[in-house]
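Work through the exercises below with the sequence and the structure at hand. Try each task before reading its solution.

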Amino acid sequence: MQRIPPEGGTTNSLLRNHAMIHRSNRTAWTFLAPNLAGFLVFVVLPVVVALGLSFFRWDVFHDAKFIGWRNFTEMFGGATEDGQWTWNDPKFWQALGNTFFFLIAIPISMALSLLLAVVLNQKMRGRIWFRTVFFLPTVCAGVGLLLLWKLMLLNPQFGLINSLLASVGIEGPKWLQSYHWAKPAIILMIVWATMGGTNMILYLAGLQNISPELYEAAQIDGAGRWAQFRHVTWPMLAPTTFFISTTSLIAGFAGEFDAVYVMTRGGPDGATTTLGYYTYQHAFEWFNMGYACAVAMVMFVLILTVTVIHWRYSEARSHYA
Amino acid sequence: MRESRWPRVFSYTFLSIVGVTMVLPLLWMVLTSLQKPGADAMDFRHPIPREGLHWSNYGEVFHDTGVARSLLNSAVVTVAVTAGLVFTSSLAAYAFARLRFFGRDKIFLGYLATMMIPGVVTMVPTFLILRELRWVDSYYALIIPPMFSAYGVFLLRQFFLTLPRDLDEAATIDGCSPWGIYWRIILPLSQPALAALTILTFLGSWRSFMWPLIVTHTKDKFTLPLALAQFQEMYGIHWTLLMAGSVIMIIPMLIVFIFGQRFFVEGVQLGAVKG
């Protein structure tokens, strides 16, 4: 023992303390164990396996074969044929492009969420009622709503949207059956389903946290309504905006799997195949487990990169504000 | 005040238009589910069924399409996932919020980091792990993997941290063990957070599509969303039946939402505090 405690009693209490820390350590692990075990097996292990398998070729039925970076060179590589550049896997690039295209839904939906929240953030009758109604699509989300959109709203001949367009003399597009309109159709649905949901609730909470004194001060300085929004509301909501955009980006890169599967199966002609759906196709339709994991890894790295860039950029921005 | 400056008429008109846009499609779904099957079932000029409400659509979709069985599956799976997730998450959240142990903050950071990984990224390896366990096409596969998400632990820890520590200390002095504190103090005080997590998990599990799609193959294991999607692929033109099926899927979620709206809103905000 290096230090002799001045009084005999302290040694005892130190030892007892030590024993207690040990015991509390063990107790803590018992609390943690059930969740941590499942977490390691079903959340952490899959990430490791995905990384490992992305260097293999495996069709599930035969033995897996280590092929190094070949999945990735297949994905990103290309060659010049007859003086024209062709990708080894053009479908991958199409899926990548589609995934980014669908991200357009995020700013549109967020802007509408914010607008709804600002309008709702007034003392007015029926606020709660409106909020509940706007939330309905979020509550009802799922295959039922996807079928409603696919069969009832976006149906080119009988659907509500084209019927309404026809009644004012516009011939509506073929929506999900059209190469050019399938993506906008799904974006329209996403915006409809998300604009009044969770994000609006978060913006509403953010607005309610802004001190009225800030607006009073701005008014004294002669700020109009737009200036107040620009210089008080928007900067004060920066953390909320950051949170919403981060979670939306992560979900967005995952690529609307349910909608794509139920509504278009990635079609027509790959127009709505996102990276998420492309992963599914390789794994469960063509049994290329290795290649599927490689696509998933690319998705993971994309999410990571974009999130980090987004985080840096937002940090810089909030300093500025 | 700033509020009174907004022109009322504009606000109400705007909100009403958005509200109608939200409600109209849902209303139309319900009305179509009560139409007589046939080509003009979707004619929007006759939204109200002309020949009376055709309730037999519900009977038909319920008995003839496997919806009854899948409804039972969905109920069992959703209840089991929700109970398991809320219970194990509350245990872990208590450890993270209240106990000291080696590596606590690092492990929690690990939990947080996985919230960045969407399910699509890990769906293939998770399926392969289940295959090794011989769980594919079983209730285990439907129930156990979805029980573990960092989100539940994060949300509950966030709430537990707001409870005053004096309570724990007072209880410890009175001879209460950590288990006693968890069970008799923390859990009863956390009812709003537990209710919020229960509701969010229930809804998420009920509508879950990708996971059941991957791990089940036989019809008697299908959950409701899967059964509906499959029915649509085989009989895509039976709009009335498909809408009846969709309404059946949506009703439980609406009931949970109506009864738990207060907790729901709280939970959404609690999960975002870290922002």
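**Exercise 1.** In this predicted model, find how many residues lie between strand 3 and strand 4 of chain A in their hairpin, and which residue in the turn has a positive phi.

*Solution.* Start with the two strands: strand 3 covers residues 78-81 and strand 4 covers residues 84-87 of chain A. Next, look at the connection, where two residues stand between the strands of this hairpin. In that turn, A:Asp82 has a positive phi of about 50 degrees. Then check the direction of pairing: the strands run in the antiparallel sense and are joined over four bridges. As an example of a bridge, A:Thr80 is partnered by A:Trp85 in strand 4.

**Exercise 2.** Decide whether chain A is spread out or a compact globule.

*Solution.* First list the elements: chain A holds 15 helices and four strands. Now compare two values. For 321 residues the globule rule gives 20 Å, but the radius of gyration of chain A is 27 Å, well over that, so the chain is more spread out than a compact globule. The spans of the C-alpha trace along its principal axes are about 95 × 70 × 40 Å. As for burial, 39% of the 321 residues count as buried, a residue being buried if 20 or more other C-beta atoms lie within 10 Å of its own.

**Exercise 3.** Describe how domain 1 and domain 2 of chain A meet.

*Solution.* Begin with the bounds: domain 1 is 8-66 and domain 2 is 92-320. Their C-alpha centres are 36 Å apart. Then count the contacts: nine residues of domain 1 touch eight residues of domain 2. On the domain 1 side, helix 1 (8-53) and strand 1 (56-57) are the elements that each supply two or more residues. Of these, helix 1 gives the most, with three residues. Last, sort this side of domain 1 by class: six residues are nonpolar, one is polar and two are charged.

Methods. Residues are numbered from 1 along each chain as its sequence is written. Chains are lettered from A and ligands numbered from 1 in the order in which they are written. This is a predicted model: local features need pLDDT of at least 70, side-chain atom pairs count only at pLDDT 80 or more; totals for chains, interfaces and linings use all residues. Domain bounds come from an automatic or database domain assignment. Two residues are in contact if their C-beta atoms, placed from the backbone, lie within 7 Å. Ala, Val, Leu, Ile, Met, Phe, Trp, Tyr, Cys and Pro count as nonpolar, Asp, Glu, Lys and Arg as charged, and the others, Gly among them, as polar. Two strands pair if DSSP finds at least two bridges between them. The radius of gyration is taken over C-alpha atoms; the globule rule is 2.2 Å times the number of residues to the power 0.38. A residue is buried if 20 or more other C-beta atoms lie within 10 Å of its own, exposed if 12 or fewer, and partly exposed in between; C-beta atoms are placed from the backbone.
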